[in-house]
Amino acid sequence: MRTAHPTRQPPSTPEGQPLLQVQDLRVNYGGIEALKGVSIEVRRGEVVALIGANGAGKTTTLRAIARLLQPRQGRVVFDGQDVASLGPEALVERGVSLVPEGRGVFPNLTVRENLELGAWNHRSPSIMAETFEDVVQLFPRLGERMKQDAGTLSGGEQQMLAIGRAVMARPALLLLDEPSLGIAPKLVMDIFRAIRAIAASGTTILVVEQNTRVALGSSQRAYVLRTGEVLRQGVSRELAQDPEIQKAYLGG
Ligand SMILES: Nc1ncnc2c1ncn2[C@@H]1O[C@H](COP(=O)(O)OP(=O)(O)O)[C@@H](O)[C@H]1O
Ligand SMILES: [Mg+2]
């Protein structure tokens, strides 16, 4: 039986109110304007997708939210607090976890050790054991591979591990960068089923995807990014029916 809240530190933002506000974000790489004033909102309890072609600025947006890069202009507010005053670790402490593009698991550590590292921000053995059980329920394939080195897992299994490791921190907001990238279609379905389950348990999610179909099918709302700008935004179900979106992003 559950003894702890699914997030380590429940947000003070009420359900349905903006948990994350990204306002007029501008990021440059040298002379390149990667983000030209991106504004996004994620309400507590939502799954929001950020879609767009390669190079649109999706990863840059997530990295700026997670404080891994400094925007030239704009503001990121999480749970009512401007994150500019926080470093990346402090932001994890406050409940924001990022699963980066390319996953970044430790190949020479076992699955179990990788998961344990995810819980660095809370060392209570009982909560850790409970969260461990949650992760195994989400990803039974990981449960079967606890003693295996992470480097021996398939790409899809490493993605599951990376998400599992982030869940171990019991985040209030989970940021996912292209969880479907380079992964077999069947595992993509498993991963998105797990993402929906994580959301159902009370974690708010912002997921970046090039796979528009699966992203729109698993989110409530979505933003379409093109060359550093928000081109469209709306209810995912409606965007999926939109002829323009279908033509440009759904191959139809
Ligand atoms: N470290 C970097 N140095 C220079 N340019 C970069 C860097 N990272 C990304 N870019 C450029 O910024 C733009 C947005 O990149 P990115 O955010 O990675 O897009 P996406 O994740 O949507 O594919 C692209 O034009 C990309 O080439
Ligand atoms: Mg990217």
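Predicted model: local features only at pLDDT ≥ 70, side-chain atom pairs only at ≥ 80, totals over all residues.
**View 1. D24 sits in strand β1, which covers residues 18-29.** Chains are lettered from A and ligands numbered from 1 in the order in which they are written, while side-chain values use heavy atoms, with hydrogens and water left out. D24 isn't a glycine, yet its phi is positive, at about 50°. With a relative accessible area of 27%, D24 is partly exposed; buried means under 20%, exposed over 50%, and partly exposed in between (1.4 Å probe, protein chains only).

**View 2. R170 is found in the loop between α6 (155-168) and β7 (173-177).** Here's another positive phi in a residue other than glycine: R170 has a value near 50°. R170 counts as buried, at 3% relative accessibility.

**View 3. Ligand 1 and the residues around it, among them Y29, A34 and N54.** A residue makes this shell if one of its heavy atoms lies within 4 Å of the ligand. The stretch from A53 through N54, G55, A56, G57, K58 and T59 to T60 is part of the shell. Sorted by class, that shell has four nonpolar, five polar and one charged residues. The classes are simple: Ala, Val, Leu, Ile, Met, Phe, Trp, Tyr, Cys and Pro are nonpolar, Asp, Glu, Lys and Arg are charged, and the others, Gly among them, are polar. Helix α1 (residues 58-65) gives the largest share, three residues. Zoom in on the side chains: a polar atom of K58 is 2.8 Å from an oxygen atom of ligand 1, an N or O atom of T59 is also 2.8 Å from a ligand oxygen, and for T60 the distance is 2.5 Å. On its own, ligand 1 has 560 Å² of accessible area, and the protein covers 60% of that (Shrake-Rupley method, 1.4 Å probe).

**View 4. Helix α1 is mostly covered, with six of its eight residues buried.** Those six are K58, T60, T61, L62, A64 and I65.

**View 5. The largest nonpolar core takes in 45 residues.** Such a core is a set of buried Ala, Val, Leu, Ile, Met, Phe, Trp, Tyr and Cys residues joined through side-chain atoms within 4.5 Å. L115, L161, I163, L176 and I205 have the most contacts inside the core. Helix α7 (residues 185-200) provides the largest share, eight residues. A second, separate core has 30 residues, including L20, I65, V83 and L225.

**View 6. Q158 has its place in helix α6.** Q158 is buried, with a relative accessible area of 17%. Leaving out neighbours within four places in sequence, Q158 is in contact (heavy atoms within 4.5 Å) with R103, V105, A150, G151 and L153.

**View 7. R145 lies in the loop between α5 (140-143) and α6.** At 19% relative accessibility, R145 counts as buried. Beyond its neighbours within four places in sequence, R145 is in contact with V111, L153 and E157. P14 is 131 residues away along the chain, and 38 Å separates the C-alpha atoms of P14 and R145.

Definitions and conventions
Residues numbered from 1 in each chain as written. Helix = DSSP H or I, 4+ residues; strand = E, 2+ residues; numbered from the N terminus. Polar contact = N/O pair within 3.5 Å; in protein donor to acceptor, adjacent residues only side chain to side chain.
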